[in-house]
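User: I would like to learn how to read a ligand site and a nonpolar core. Please show me with an example.

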Amino acid sequence: MKFISRSVKQTEELAFKLAKRLNRGDCIAYRGGLGAGKTAFTRGLAKGLGIEDDVMSPTFSLVNQYEGDVILYHFDMYRIENEDDLYMTGFFDYLDSDGILAIEWSENIQSALPEDTIYVTIEKMDNDANTRQITIQGREI
Ligand SMILES: Nc1ncnc2c1ncn2[C@@H]1O[C@H](COP(=O)(O)OP(=O)(O)OP(=O)(O)O)[C@@H](O)[C@H]1O
Ligand SMILES: [Mg+2]
C-alpha cells in the first residue's frame, strides 16, 4: 500500500493507524536513507501503542525500549555490518519476545528478518522537502 505524506504530522498519523493493527511480536523494518523519516514514523507508532515517552533515535544505544500497551523495541542498525555484530546486540532474543520491533536501517540485517516482517519504505520526493512516499508491505492499514 502506497501513501503520500506531506508533513511530519501526516507521517506520524499514518504510523499511528498502523500501530492500531499490530500484534505482539510484530517486526517492522524500515527502508530509506538518512533523514527519510524513520524516527518520525516510530514516534507515531509509539503514540498508537499508548506510549507517552519521547521517541529519540537510538543511534548510540542501538536499541531503545518504550513501554505502553505493549513494549516497543526501537533499533538503529546503522552500524551493524555482519551477523556477528547482530548477535552481540542480542537482537535474536528481542525477536523471540512478544514486544513490537521497529528497526531503522533494516537493510543491514536483511537476512535476519523474519518472514512475516512488515516493511515500511520511506522515500524522499525530489520536488518537495516535506513530501515522502511511504510504502507499507505486509499489513493493510
Ligand atoms: N513528510 C515527512 N515525514 C517525515 N519527516 C519529514 C517529512 N517532511 C520533512 N521531514 C523531516 O525529515 C526529517 C526526518 O528525520 P528522522 O530523524 O525521522 O529521519 P530518519 O529516517 O530517522 O533519519 P536517520 O537515518 O538519520 O535516523 C526531520 O527533519 C523531519 O522534519
Ligand atoms: Mg532515525
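**Ligand site and cores**

Analyst: In this predicted model, a backbone N or O atom of G35 lies 3.0 Å from an oxygen atom of ligand 1. A polar contact is a pair of N or O atoms within 3.5 Å. The model is predicted, so local features need pLDDT of at least 70 and side-chain atom pairs 80 or more, while totals for chains, interfaces and linings use all residues. Residues are numbered from 1 along each chain as its sequence is written, chains are lettered from A and ligands numbered from 1 in the order written, and side-chain values use heavy atoms, without hydrogens and water.

User: Which polar side-chain atom lies 3.1 Å from a nitrogen atom of ligand 1?

Analyst: That atom belongs to S5. A backbone N or O atom of S7 lies 3.2 Å from a nitrogen atom of the ligand.

User: How many residues surround ligand 1?

Analyst: A residue is near a molecule if one of its heavy atoms lies within 4 Å of it. Here 19 residues surround ligand 1, and the closest are T11, K38, T39, A40 and N130.

User: How do I read a nonpolar core?

Analyst: In soluble globular proteins, nonpolar side chains tend to be buried together. A core is a set of buried Ala, Val, Leu, Ile, Met, Phe, Trp, Tyr and Cys residues joined through side-chain atoms within 4.5 Å; buried means under 20% relative accessible area (1.4 Å probe, protein chains only). The largest one here has 24 residues, and I28, F41, L45 and V120 have the most contacts inside it. A second, separate core of 17 residues includes L86, W105, I109 and A112.

How values were computed:
Buried means under 20% relative accessible area, exposed over 50%, partly exposed in between (1.4 Å probe, protein chains only). A polar contact is a pair of N or O atoms within 3.5 Å; within protein, one must be able to donate a hydrogen and the other to accept it, and residues adjacent in sequence count only if both atoms are side-chain atoms.
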